[in-house]
Amino acid sequence: MGDRSTREVQLTGQLRALGQVGAGYLGDLADPRATAARLAGDARRLTSALAVTVWVRLDDRLVPLAAVAESSPGAARAALPLDADVAPVWATHRGEVLRVDEPAAASEAAGADGWVAAAVGRPPRALAFVPLQGPDPQRPLGTLELVDHAPGAAEPGPFGDDALDVARALAAQGSLALHAALGALRRDAERLDELCALAAIPEHHDPDAPWHVRRIAGYAAAIARGHGLSPDEVRRIELASTLHDVGKVAIPTDILLKPGKLTDEEFAVTREHCRVGRRVLAARPGPVLALGAAIAHAHHERWDGTGYPEGLAGEAVPLAARIVAVADVFDALTTRRSYKPAIGLEQSLRIIRQEAGRHFDPALVDVLQAVFSEVLDVKRRWTPEDA
Ligand SMILES: [Fe+2]
Ligand SMILES: [Fe+2]
């Protein structure tokens, strides 16, 4: 026998690639999104899929932790409720490989968010779901969604047994890393919940306060991520943004709850919440509190220098505070208050756009628009039903 068959060369290549995959995940253990992105990229390459999504169960939702395709379809994928009647959710619950080989069925199973069709530039021809297993076989971690098997110049079509074997091996390695990384994500979520509860204390008379800070955290994280900050920076801003108004603890209740217009003197007292916030948060060390202090101090500054308490302008206002300023005003506009109705999303966005370069950093206004679907997802998730 002379030359090795193409099949053998292919297999050797896949084995070698698989061998390298696991170790590569070790660097990302604290960052589930990076782990998921690596898994999605490896899965796309090794199974010749045109697009891959890593779906992971988090609380009561199936979250697309990473979604990759050759060209970015622009919009992000939306999370799915765990009781939704859609393919990624069935596949996760069943914990088995699920193949959808008929184009019509694949189109239907690809879901309503339009991501799959946008990712491959037409309706998909075939899908396959490969389970991501955690330590508890009754509770799969999630599922790896593969779209259109397209090896070399071949026409895209269904995934064969070989491709699915590779996907299964990869999913097994990726699941271990994801499981470890998800521990970090769950701990962060818990810490965020704790911070939200505590940060709402100064406005304890307002039942929306804990929801408000939770939404701010979500908006701020989405904007920070869209602005290209690192996962660590995003996580820190998410946590620290909840603390923006803790200084309100120093505002006397009669001023805080006064209906109607404040006198100049009362407004001066109100403005002090920025400096009080900075002082209480800077009293203890740690990167989240330091960032919280900067945000508390500067979240009412304006890009054009007409804000308070210092009248800082442009990039002299810390980036995290500029991000929270956009998030805070967007939430104030879109939330119903006792003294005002909620303003519609489109109109709120228009108002914020008009303030680009005046109140807000124009680059961040662009980002808010770019990540708007994620922002809406945050709003839906963290608005109480009776609001
Ligand atoms: Fe404030
Ligand atoms: Fe606020």
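Me: Among contacts between residues at least 6 apart in sequence, what share joins residues at least 24 apart in this chain?
Reply: Here 63% of those contacts do. Keep in mind that this is a predicted model.

Me: And how many helices and strands does the protein chain have?
Reply: The chain has 16 helices and six strands. Its C-alpha trace spans about 90 × 40 × 40 Å along the principal axes, and buried residues make up 42% of the 387 residues.

Me: Say I want to read burial along one helix. Which residues are buried in α15?
Reply: Start with the general idea: an α-helix has 3.6 residues a turn, so residues three or four places apart point the same way. Now the case here. In α15, residues 362-370, the buried ones are L364, V365, V367 and L368. They sit on the same side of α15, because the arc they cover around the axis is only 160 degrees.

Me: What covers those buried residues of α15?
Reply: The cover includes α7 (209-226), α13 (319-334), α14 (345-354) and α16 (372-381).

Me: Let's follow α7, then. At roughly what angle do the axes of α6 and α7 cross?
Reply: Roughly 135 degrees, with the axes of α6 (residues 161-199) and α7 coming within 8 Å. That angle makes α6 oblique to α7. As for handedness, α6 passes α7 in a right-handed crossing.

Me: Which residues meet there?
Reply: On the α6 side you'll find L192, C196, A197 and A199, and they meet P210, V213, R214 and A217 in α7. Sorted by class, the contact has seven nonpolar residues, no polar ones and one charged.

Conventions
Residues are numbered from 1 along each chain as its sequence is written. Chains are lettered from A and ligands numbered from 1 in the order in which they are written. This is a predicted model: local features need pLDDT of at least 70, side-chain atom pairs count only at pLDDT 80 or more; totals for chains, interfaces and linings use all residues. A residue is buried if 20 or more other C-beta atoms lie within 10 Å of its own, exposed if 12 or fewer, and partly exposed in between; C-beta atoms are placed from the backbone. Helices (H or I, at least four residues) and strands (E, at least two) are DSSP runs, numbered from the N terminus. The arc is that of the directions from the helix axis to the C-beta atoms. Two residues are in contact if their C-beta atoms, placed from the backbone, lie within 7 Å. Axes are lines fitted to C-alpha atoms, for helices over the stretch in contact, and angles run from 0 to 180 degrees between N-to-C directions. Angles under 35 degrees count as roughly parallel, over 145 as roughly antiparallel, 65 to 115 as roughly perpendicular and the rest as oblique. A crossing is left-handed if the near helix is turned anticlockwise from the far one by less than a right angle, and right-handed if clockwise. Ala, Val, Leu, Ile, Met, Phe, Trp, Tyr, Cys and Pro count as nonpolar, Asp, Glu, Lys and Arg as charged, and the others, Gly among them, as polar.
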